[in-house]
Every structure is written in structure tokens, then in C-alpha cells.
Amino acid sequence: MSPIGVDEWVARSGDRRQQHSGPLGALSRAYARVNWWQRLLVLAALGVAFGQIGANGFQQIVAFNSVLYAILAVGLNIVVGWAGLLDLGYIAFFGIGAYGYAMFSSHALGSLLTMTGGAELPTIAAVPIVLVFAGLVGMVIGLISLRLGGDYLAIVTLFFGLAFFEFVNNVDQTNLGGNNGIIALLPWHGFGGEIRSTIGYYYVVLIILILLMAALHLLNESRTGRAWRAVRDDELAAEVMTVPVNAVKVMAFSFGAMVAALAGTVFAAQQGNVFPTNFQSPILILIYACLVLGGVGSIGGAVLGGLAVTIVQQMLGSPTDEGYLFYGIILLALFWKVRPWQYLAATLAAIVGFGFAAHAIAGAISRSAIAGPTGSVGWIGSALRHWVVVPVNGETYGNILFVVVVCALIGIIRLRGIVRLVAVVPTIYFAACCWESRLSVDPAITAEIMIGGILVVMMAVRPHGILGTRRVEIV
Amino acid sequence: MAPLLELDSVRLAFGGLRALHDLDLYVNEHEIVSVIGPNGAGKSTVFNVVTGIYRPGGDIRFDGKSIVGRRPHKITNLGIARTFQSLRLFLNMTVKENVKTATYGTTHATPIESMLRLPRARREAREVDARAEDVLSFFGERLQGYRFDQPAYSLSYANRRRLEIARAMATGARLLLLDEPAAGMNPNETHEITELIGRLRDERGYTILVIEHDMHVVEGISDRVIALDHGEKLTEGSFHEVANHPDVVEAYLGRNPEALQQ
């Protein structure tokens, strides 16, 4: 009970400060001390520093993509996070940007207009035209939101997203190329220069992201931003409090569309070609994952989510990095959650002991039960060689183990105290066996499973996202 | 002088239910008028037609201009702001932002100007900030200082009611429609809200139309009382005239059973 005259928020302020102790607390306090443009400068400096360290080709692509997804998440945040409109057609605006750029940067538009030589425009002209067009389409799609809200809006906009894919895939295959897309696009060019390198496009998206974050931060604190958030909280009250709700909703759609289209133009130019499959639902889900993980409604959260999800997803493509991530997460979770240290040491020892015992028993029963190769390569693989049980044909074995591990994890969530700790030991061991025999063999599929797993855990730990604020609907 | 707000045979029906039936009503400038009546009498419906949420038949004039058929935000811009019986704050926005949101209609900076911090956007931001603090200062210490940046959901019930009034004030309206401002408040707070409504007129020059069930409040503030039942005006006049009017007594308490038997 809080004392009389002190409301709950004040009474809990002490708890909130206590909540963040240790290095994480110091970090969050430091974060709170600096103001927004200082944070932005730090981010820009980090971004430029990355560009200067001479990353290899793969790292450059990862960096470019992660910043691109950060831009997309920030744009989605305008519609979903601020205005509270569930827009599942967002991916189409990304596509409109990319295809729009492609039209002006290849022979496609020229042959469409039966001109010889094409309608190639310098980037400085093409991009604004594409943005205006995307903004107008955004307005039209935004009109739907005047009549529909919530789930209904989501369904209708989802159809718009799917329709875009079918449109570019099927309408006018000679000029739009059908599923072969439009290829051999001109890079960003103008003023006698052009951008060809990945790192060049990395700087382009970095500059766009930084400027966008600054502009949207100011917009969020202006009358427009307040109007959007008011509409999200209570449409009727917003309307009665002088906010023209219809216009404001359409504006949100339009702004989101333009941000996505801008990202699309850079994407098309960097890739050098566009294909319909670049704009399908999995990409949309990934953008949503970025935003939800980072924190709906927060610019910083959207950026962090965009960077984190994309980097994790691309890292997971490589078998060695994947192994580091898998075992790293398990160890981190143990160190974070198991206290005091005596328990932690006992648990780790038990896992190691359990493994050698299981390995010995399995080996005694049948030589072939432990003769399979470990999926992990490098030092992890050789370190675990005599610990995990991997039979010669481990596929079925791995599949069964996977189901066992998932069931065990669900069970562990229900257990408490020392029983849970005991249950953790075999579960982790089986997870490691499953990893070595099955999961690390198919990195692409495992990557998706792991992204899903990370999202589930993160959302359970912080439902409002990393940098989001908890939101109430009805109090 | 013509009244500030004038309802001229206003009608509204939901299907077969006549919520308002040829209602005439006026409010003069700087007047405090109370609307009373049992639940379902159509009191809140009067507010909803005046603020443009429902479109009624008949005519409603504000400051001589007909406002029937205009969008709610346009009506508020003309000078009529309201509070809600079931509080409708922007719960996830801060106290100050709640108030600032209501200045949308009186500011004009475009998104581009805001993003580039052009002179008009900066000037308006300063003005809006000053206006919000001024409006909140009207409520004394309760919505001051550290509370500016608290989310609205963290406020107590009474403070939420105050914040709703503050938000309505920030629209720049001349006429405030207060829908049960004392509902759910303890006697002390009720007394305070009574004084506050008086101060709204005396210090800030608002004209006030208020729906209230608490008869102490109605008695304390009203220049004139209007009793409604079944969407029709039963009577109007001073508090004592209305409170003792047989139709009003009947609407609240039912017919005297002895009188029925006779």
C-alpha cells in the first residue's frame, strides 16, 4: 500500500530506479543522461567507424541490409507504432519504391512508352518522383483506414500487399519482366558521379537513417506526432479535441509509404535489379519482427530491432557463427539466471558429467551410436567430439530429440526451484546433441527456428520490446 | 443579445427510440447552465449532437452560426469543447501532451516545418508549451511539476477528471460542456470541483453547460437548471424551481402511489 497522498507512480519510483542495477543499469542511466541528438551522433559515429574498418564483402552486405531494415522498421513505426494502424500492406510500398526506381533506371519505362532508348532519369529526379507517387498510393490505401480499424484494416491491407506481388509478377511481363524482374539497373548517379560499391550504398542508407531519425524525432514531438498518438489511444477523443482524425490517419499511411519507398529505391540500386520475390510476406514479417522486438512506438527501438534481427539472421547463415550463437546463448542464459554461483557451478558440472556418462553408456551399447560426425566444425566440434551422442545416421535421432527438447522446455517453464535446475541439465545436453546431429546440418532452416525462438523468449521477457514503453489500453 | 448556444427543435432517433424530441435549449454567454434528469433522459445525447458526434434534425447555432453537420473537430475549433462522462484521456501520453494535443486546431505548422524546425513551428511549439502550463496551473499543485511528464494512466481518478477539463480548456473554446465532472469523486473533491467550475467562468470567462447528478453541485453552480426526461425538456428555471417541480420529482422518484390510488 502506498501512503495516503502519494500515488502509485510516485510510490514505485524507487523500485524503478532499483530495477536496473549492475552494468546494464549503468548503461541505461548513461543512455538516459544524454539527449537525443547526442545519441544520434554516437550512432552516426559508430556507423561511419564501421565503414572505415575495411569490412569484407559479406560484412558489408550484412551492414547495408541491417541499416536498410532499420529504415523500413522506422517507417513502419510511423503507421503501426504512432498512429496505431495495423498496416500489413507495408511491403508493397517498399516494392513500389524499388520498381519505381527500376522503371526510371532501365529500359522498362522507355519501352512501355514506346520510346527508343528508355526514360532514364538522374537519381536526383527519379527518387523524388517515386517518393511522391508512393506517398499518393499511401494516401489511397490510407483511405481504407477511415472505415476500418484493427483486424479488419490488417486483412484488407494484407490483400493490397499480396496484390502488389501478383501485379508485378503477372501484369505486363514484357516490361515488368514477370518473375524475372527488371535487371541491369543504373546505380545511383548524378552530378557526374555514381555509386557502385556496397560500402557506398552503406553510407547512403546510413545518412538516410540518421536524417530520418532526426526528422521523425522532431515530428513525433510536434503537433502531428501528438495527433497520431492521440488517434492511437482514443480516436473519438482526438476528433473532439480538434484533431482531424481522417486526415491524420491518411497522413500517417502516406509518410510510412514514402519511407518504405525511399528504402526501396536504394535497395533496387544496390542490388542492381528487382524481382517480385523481394517483396513477399516473409520480408514483411521480418520488418514487423524488427519493430516488435525493438519496441513499437520508439524510433530507437525500431532501429535497434532492425539492426539486431537482420544481423542475427544473416550471421545464422554461416555454420561457425551459428554454433557460437547457439552455445553462447545457452551459457549466457545460465550465467544470467542461475544464482548463487554454487548452483551455477553445480549445474555446469552436472551437464558436463551427464554428457560423458550418456556418451559412455551409449558407446557401451553400440559403437555406431556415437560414431556420427558432429555438425559443428572447428574447435567447438572437436571439443564436443567425445561428449555428445551422435549416431551414424543421425537424422531421425535428431528429429526425435528436437521434439523432446521442445517438450522439455515447455515443461521447464512450469517447474520451479531446484526441480527446474535438475530438469535443465538433461535438457541442455539433449539440445546440444540435437544441435550437433541435426540443427547445425541445415543452417538455413535452423536460422529461422532460432530467430523464432529468440523472438519468443525476448517477447516473454520484455513484451513491450527492448526500448518500447509499456502501454495500457484500459485502466 | 443572441444566446451563445441555441438548440432549435433538435430531434434525434436511434431506430424507433426517440433520444431527443424537439428540444429547445439556449445558453447565454458567461452563464452556467446545468442539465439534470434520470439516466437515459438524453443528457449526454445533447452533448453528442452539439459536438457533432451525432447528426440531429433541427438546428443548432453557436455564436449565430449553424453547426449541424460539421465534423466534431471543426465544431471544437469554432469554440465548443467537452469532457466525457466515461473518461477518455490519451492514457499513454503524458499529462502535458494530453493538453498539448488539444491545441492541434489552433496551430498550423506542417509536418515539413516541424521536421526542419522552421520559425513558425518553433514559435508554435513555444506557445503551445506556455498554453499547456498555463491551463494546468489553473488546477493548482495537482497537475504541476513532476506530473507534467507522467503518463495519464498513472493519475488518480479525480486528477483524470481535472486533466479532461484542462484538455478542453486548451482547445481555445469559449463554451465548455462538462459531462458529470463530479462523478466518482468524494465529498471533498466534489466541493472542490464546484468551486472550480465557478472559477472557470469568473477567472477565465468560460460559458459552461454541465451535466451533473450531484444536486449539491447543481445547486452550488447553476444560474439556470434544465430538467430532461425521455428526450424532452420537463422544465427549466432556478435550481429551487426545478428541483421542486412536480414533473421533475416524478421523473426521479416515480408517481406518488397515494396520488395514484385517488
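R61(B) has a relative accessible area of 21% and is therefore partly exposed (buried means under 20%, exposed over 50%, partly exposed in between, with a 1.4 Å probe and protein chains only). The model is predicted: local features need pLDDT of at least 70 and side-chain atom pairs pLDDT 80 or more, while totals for chains, interfaces and linings use all residues. Side-chain values use heavy atoms, without hydrogens and water.

**Exercise 1.** Determine which residue meets R61(B) in a salt bridge.

*Solution.* Step 1: apply the criterion, a side-chain nitrogen of Lys or Arg within 4 Å of a carboxyl oxygen of Asp or Glu. Step 2: the side chain of D8(B) meets that of R61(B) at 3.8 Å, N to O. Step 3: D8(B) lies in strand β1 and R61(B) in strand β4, so the pair ties together parts 53 residues apart in sequence. Step 4: D8(B), at 33% relative accessibility, is partly exposed. Step 5: E6(B), D8(B), D59(B) and R61(B) are linked in a network of salt bridges.

**Exercise 2.** Locate the salt bridge of D234(A) and R88(B).

*Solution.* Step 1: the N to O distance is 2.8 Å. Step 2: D234(A) lies in the loop between α12 and α13 of chain A, and R88(B) in the loop between β6 and α3 of chain B, so the pair joins two chains. Step 3: D234(A) is buried at 10% relative accessible area, whereas R88(B) is partly exposed at 28%.

**Exercise 3.** State how many salt bridges are found over all chains.

*Solution.* A search of the whole structure gives 29.

Technical notes:
Residues are numbered from 1 along each chain as its sequence is written. Chains are lettered from A and ligands numbered from 1 in the order in which they are written. Helices (H or I, at least four residues) and strands (E, at least two) are DSSP runs, numbered from the N terminus.
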